[in-house]
Amino acid sequence: MKEFYRVIVYNPKKIILLFILFSVIGAFLQSLVSVDYDLKDYLPEESASTVSLEVMQEEFDSGIPNARVMVRDVTIAEALDYKEQLLNCEGVTAVTWLDDAIDILEPVEMADTGSVETYYKDNTALFTLTIDREQRVEAVDAIRELIGEENAMDGDAVSSAISTTGTISEIRKIVIFAVLFVLAVLLLTTTSWAEPFLVLIGLGAAVLINMGSNLIFGEISFVTHAAGAILQLAVSLDYSVFLLHRFEECRRTAADRKSAADEKGRMASERKAMPDEQGHMANERAGMVDEKEAMVEALCRSASSILSSGLTTVIGFLALVFMSYRIGMDLGLVLAKGVAISLVTVFVFVPALTVTAYKWIDKTRHRSLMPDFRRFGRVVTRVMLPMVCVFAVLIVPGFLASNQSDFYYGSAYIYGEDTQFGQDTAAIQSVFGEKDTYVAMVPEGDTATEQALSDTLRELPQVKSILSYVDTVGAEIPYAYLDDSTLSMLVSENYSRFVITVDADSEGEETFALVENIRGILDTYYPEENYLAGVGISAYDLMDSITSDMLKVNLIAIIAVFLVLILTMRSVFLPVILVLGIESVIWINLGIPYFSGSSVFYIAYLIVSSIQLGATVDYAILFANRYMEYRRHMEKRQAVVQTVSSVTVSVLTSGSVLAVVGILMGFVSSNGVLAQLGRFLGIGSLLSMAVVLFVLPGLLCLFDGLIRRTTRHADFYMHRGV
């Protein structure tokens, strides 16, 4: 590898031009990457609701109703006019209202109260819309302009449209704040005003290349789009910083060697009467070689640590690929690719950039703005054992609580009550209650069985109305008596469709029980073939398919990281301490919502465990590596003091960036999934830093002997004195 590194540092201009080109291409290509804002699209392909959606899309022109619009203070005639105007809005393919359920030419008072109040109550009309997914933004904008701010709308299509427009601007804010914070942290923790800009240039190139290369996937989820670049920035920061620190160490070593060589050369020159000008030129050439050779030496010495940290992070992200919920594969591949690109950038682009700009680094050199942490190290040695005891007490309740929170599986609660979407949803529910629309599809042709199915479904207390051929037209009316437009909404070439309005939330135990009940009824009448889809159905399938992912993904990540650490650290027990320490922090982090009584989006819950493991185990690896290095020539408590003094700045740099980025996502993002993911990462990073700086030192001291016996060539200092 040394020769490879020499090729890089001795051809810096070519490398820099190449990465500039890649960055420009990446910046252009990222605009071509499509973003999917619908969580249902990432359900397993074999899930019942996914299959149902595919069959329905093939059989019927209009899809499943995905929006509700409420208009206040209207008569039935005015509501019918609104229905016509809604149907003319761009992207709206179907509108269902009271006139589709009953004959409104007859007095409303004579109709079934439940059917009427599903659509019209207290002079307020509730329309059920089907919006084309490709035109959601245009449709929602047009509907809002039509109904005004005083009326309300909600549903999956509305939520997705808001995500499409709102997430982009929120991401920009988060990225700007994150970059400014990274710059501020680097200015504090480096000793040159130029170094932070070199690090940011390297990180920026890696992020642009990764975002542009996402085009190979064609489309990525909004979670990946929003979090990918920010997380890549946060978790890759310490690679460049570590390399630059090594470069400075190697430069100092090279400078010392050069001073000794110059002194010998001066003495030899005096003996041989060498002309001063020739001696000066020789020294200049030696100086030029020293900078590049110092970088080669820095790359060789830092490669193992950077690669082990990067590899564990990549593995943590790749574990997400094994989720049955395909958003895990989407996020895992993009993040793992991003870290891999960051590693390539650190080993290729950053060295070339640094050897080109080292004079700029030297000219902007300043004294360290960070304090010496040796006193802090001594404080740690006094509190580390009590902190281990506190940590041990928290592990069990943290583990138990991490699995006991109330979960949201779908997208119904992504936007809280402080957003317009949340306020609109609350307004609709205050008048019409919690309602959802399911669509069932059964083989066409047997109207008697369809009538029996409809009658049985109506016996369920949650079912408020059903639109189907047998309910709207009548089982005794032949198809030939209907016009094609009406018939095509209810019957296709192969199937009959039932649009079922239920008085149920979008998800929850009662909703899931209702879904199981309706599926059981469908299986009774049509055991060989039936389909059911809707928001509540998708939420049920999400719950059913991804709850088993947690254990699987965690085990894969833990085992893979553990094996990597065994190979890189050549130790058996030390990786156990590191993985158990970070994994325990994850349990405590995920257990906090249970104790605070707040609900958790299962997607964020599932994703954060792998991300936090991959991103924060780096701190533990860095601490352990330095401890093992110092332990070879000093007693264990002294090794702890020296290790804390050496790594605190690095841990605070990387950890604070991830924490602040996460907290920014939590505060800025109106999307509940992204906000909760950010809060988990922010709090998790703070907890991980605390454990690494206060608990891990105690664990290393307590198990020092066992670590020594289970580590190959540990060569610990064995003097018994202090």
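Is serine 685 buried or exposed, and what is its relative accessible area? Serine 685 is buried, at a relative accessible area of 1%. Buried here means under 20% relative accessible area, exposed means over 50%, and partly exposed lies in between, with a 1.4 Å probe and protein chains only. I shall return to this residue after some remarks on the whole chain.

What I present is a predicted model, in which local features need pLDDT of at least 70 and side-chain atom pairs count only at pLDDT 80 or more, while totals for chains, interfaces and linings use all residues. Residues are numbered from 1 along each chain as its sequence is written, and side-chain values use heavy atoms, with hydrogens and water left out.

Let me begin with the overall picture. The protein chain has 25 helices and 13 strands. Both are DSSP runs numbered from the N terminus, helices being H or I of at least four residues and strands E of at least two. The C-alpha trace spans about 120 × 55 × 45 Å along its principal axes. Of the 722 residues, 55% count as buried. The accessible surface of the protein chain is about 31200 Å², and carbon and sulfur atoms hold 59% of that surface; accessible areas come from the Shrake-Rupley method with a 1.4 Å probe, and for residues only the protein chains shown count as cover. Among contacts with a separation of 6 or more, 83% are between residues 24 or more positions apart. Contact means heavy atoms within 4.5 Å.

In what order do the strands of the open sheet run? The order is S10-S11-S9-S12, with 4 strands and antiparallel pairing. Strands S10 (463–467) and S12 (531–534) stand at the edges with a single partner strand each, so one side of each has no neighbour in the sheet. On average, neighbouring strands here are turned by 25° against each other, direction ignored. Two strands count as paired if DSSP finds at least two bridges between them. S10 and S11 (residues 495–502) are joined by 4 bridges, and within this pair serine 465 stands opposite threonine 501. S9 and S12 likewise pair over 4 bridges in the antiparallel sense, with tyrosine 438 opposite glycine 534 of S12.

Two helices lie across this sheet. Helix H18 (residues 509–525) lies across S9 (436–443), S11 and S12, at about 15° to S9. Helix H19 (residues 535–546) lies across S9 and S12, at about 100° to S12. For these angles, axes are lines fitted to C-alpha atoms, for helices over the stretch in contact, and angles run from 0 to 180 degrees between N-to-C directions. Both faces of S12 are covered: Tyr531 and Ala533 on one side, and Leu532 and Gly534 on the other, are all buried.

Next, the nonpolar interior. A nonpolar core is a set of buried Ala, Val, Leu, Ile, Met, Phe, Trp, Tyr and Cys residues joined through side-chain atoms within 4.5 Å. The largest has 222 residues, and Phe127, Leu129 and Ile143 have the most contacts inside it. Helix H22 (residues 602–631) gives the largest share of this core, 20 residues. Beyond residues up to four places away in sequence, isoleucine 143 touches Val69, Leu86, Cys89, Val92, Leu129, Ile131 and Met153. Another core, of 7 residues, lies apart from the largest one, and includes Ala152, Ala427, Ile428 and Val431.

Serine 685 lies in helix H24 (residues 672–702) and, leaving aside neighbours within four places in sequence, is in contact with Thr616, Gly655, Leu658 and Ala659. Aspartate 154 lies in strand S6 (residues 152–154) and is buried at 6% relative accessible area. With neighbours within four places again set aside, aspartate 154 is in contact with Asn66, Ala67, Arg68, Phe421, Thr425 and Ile428. Arginine 136, in helix H7 (residues 136–147), counts as buried at 10% relative accessibility. Arginine 136 and glycine 91 are 45 residues apart in sequence, yet 6.6 Å apart in space, C-alpha to C-alpha.

Finally, how many disulfides are there? The count is 0, a disulfide being a pair of cysteine sulfur atoms within 2.5 Å. The sulfur of cysteine 250 is 8.8 Å from the closest cysteine sulfur, that of cysteine 300, which is too far for a bond. Cysteine 389 is in no disulfide either, the nearest cysteine sulfur, in cysteine 701, being 13 Å away. Cysteine 250 is buried, at 3% relative accessible area, whereas cysteine 389 counts as exposed at 51% relative accessibility.
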